[in-house]
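Reader: Please take me through the terms used for this model, and say in each case what the term rests on.

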Amino acid sequence: MKRFIPTADLVQVARGLLMGSADIVPGVSGGTVALILGIYERLVSAISRIDMTFVGQLRQGRWRAAVEHADLRFLLALGSGIALGILSLSTLMNHLLQHERERTYAAFFGLILASSVLVARAVARWTWLEGALLIAGAVAAWFIVGLPAIQSPPEGNAYVFFCAVIAICAMILPGISGAFILLVLGKYEDITGLLKDVLHGRITVDAVLTIGVFCAGCAIGLLAFSRFLKWLLGRHEPQTMALLCGVMLGSLRKIWPFQRDLRPEIEEFKRKSFEPMWPERWDAEVWIALIIAIAAFAFVIVLDRLAGRRSK
């Protein structure tokens with residue numbers, strides 16, 4: 001087992017903090033931030049190794065072997081940061097989305113666009129297959145992030161389980177937000193409402209059962225999908241990275257900085273609906289948003305250059 005290095009764990013917590021804060025933004029997933037930070041493949045691999053070997057080592061009391069097999073220290077530090085980011089930065093992010101939406105989206109737009117460039121550069125050789133997968137991923141993501149929410153979703157815990165599986169798969173994919181998928185499936189308000197009730201002590205058997213089903217769906221979806229992603233990255237890495245690059249590019253539709261509010265009568269941001277638009281006039285606010293997007297783009301590129309020099 002590697003010796004204990006608190007600084008390394010704090011770095012993972014900080015990365016998780018960024019992933020958690022990004023998960024709050026509609027159209028941005030923690031998987032995107034993991035790609036930006038260079039830990040995406042390690043994250044997918046670590047999750048996929050929570051398997052029967054891991055369970056067997058725990059049963060035999062081989063704690064050290066289990067921790068190393070699943071890279072558990074990395075997962076726990078990162079998970080702590082994600083939870084901390086969601087809990088501590090949700091108020092700040094909601095404020096920014098409510099009152100500084102154009103500038104906030106501009107920053108994320110620049111970050112994700114630059115990340116797409118880095119992912120594209122990770123493809124060693126582009127052929128017609130990689131190009132086709134990039135276009136397919138972009139078209140699919142463009143369509144998905146433009147879907148309207150289901151107004152009358154099915155009732156019952158079977159549908160809750162299905163929503164959890166789909167949402168958690170989206171959350172680990174770069175470009176598509178799990179929270180947004182829950183919104184589309186019509187279960188975002190139900191699940192978050194139940195969680196708020198439980199946190200405030202309003203606990204019922206139905207609420208606990210529904211949350212349990214949702215958590216089970218998340219766990220099963222995450223473990224199964226991470227294995228599939230690991231297999232893809234191990235066997236077909238260039239094609240997988242091309243597809244992920246396309247998904248990231250297509251998802252930019254959701255966070256285009258200039259959007260028209262289609263439901264101005266609704267105050268809660270998560271329930272609002274927007275459509276992308278071209279700025280009607282190029283005033284100071286538009287130029288500020290563009291400068292922020294360019295600065296965010298440059299930040300990722302420079303950070304990647306510095307990381308490359310350090311590794312050399």
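Author: R73 counts as partly exposed, at 24% relative accessibility. The model is a predicted one.

Reader: Why is R73 called partly exposed?
Author: Buried means under 20% relative accessible area and exposed means over 50%. R73 has 24%, which lies in between, so R73 is partly exposed.

Reader: What makes R73 and D9 a salt bridge?
Author: The term asks for a side-chain nitrogen of Lys or Arg within 4 Å of a carboxyl oxygen of Asp or Glu. In R73 and D9 the closest N and O atoms are 2.9 Å apart, so the pair meets the cut-off. R73 sits in helix α6 and D9 in helix α1, 64 residues apart, and the pair thus links distant parts of the chain.

Reader: Is D9 buried or exposed, and how do you know?
Author: D9 is buried, because its relative accessibility of 14% is under 20%.

Reader: How many salt bridges does the structure hold?
Author: The structure holds five salt bridges. Another one joins the side chains of E100 and R103, at 3.9 Å from N to O. That value is within 4 Å, so the pair counts.

Reader: Which accessibility class do E100, R103 and E285 fall in, and why?
Author: E100 has a relative accessible area of 33%, R103 has 27% and E285 has 36%. These values lie between 20% and 50%, so each residue is partly exposed.

Reader: Why is α3 called mostly covered?
Author: Seven of the nine residues of α3 are buried. They are Y40, L43, V44, S45, A46, I47 and S48.

Reader: How do you know that the span of helix α9 agrees with its number of residues?
Author: Helix α9 covers residues 157-172, which is 16 residues. At 1.5 Å a residue the helix should span 22 Å, and its end C-alpha atoms are 23 Å apart, which agrees. Among the buried residues of α9 are Y159, V160, C163 and C169.

Reader: What makes C169 and C245 buried?
Author: The relative accessibility is 15% for C169 and 2% for C245. Both values are under 20%, so both residues count as buried.

Reader: What lines the second largest pocket?
Author: The second largest pocket has a volume of about 900 Å³. Of its 32 lining residues, V33, L35, I36, L37 and G38 are the closest to its centre. The elements that give two or more residues to this lining include α1, α2 and α3. The largest share, nine residues, comes from α7.

Reader: How is the lining of the second largest pocket made up by class?
Author: The lining has 24 nonpolar, four polar and four charged residues.

Key
Residues numbered from 1 in each chain as written. Predicted model: local features only at pLDDT ≥ 70, side-chain atom pairs only at ≥ 80, totals over all residues. Heavy atoms only, no water. 1 Å grid on protein atoms, 1.4 Å probe; cavity = no way out; pocket = protein on both sides within 12 Å on 5 of 7 lines; lining within 4 Å. Points joined across faces, edges and corners; volume = space filled by probe spheres on them. Helix = DSSP H or I, 4+ residues; strand = E, 2+ residues; numbered from the N terminus. Nonpolar A, V, L, I, M, F, W, Y, C, P; charged D, E, K, R; others polar. Buried < 20%, exposed > 50% of the residue type's maximum accessible area, 1.4 Å probe, protein only. Expected span 1.5 Å × (residues − 1).
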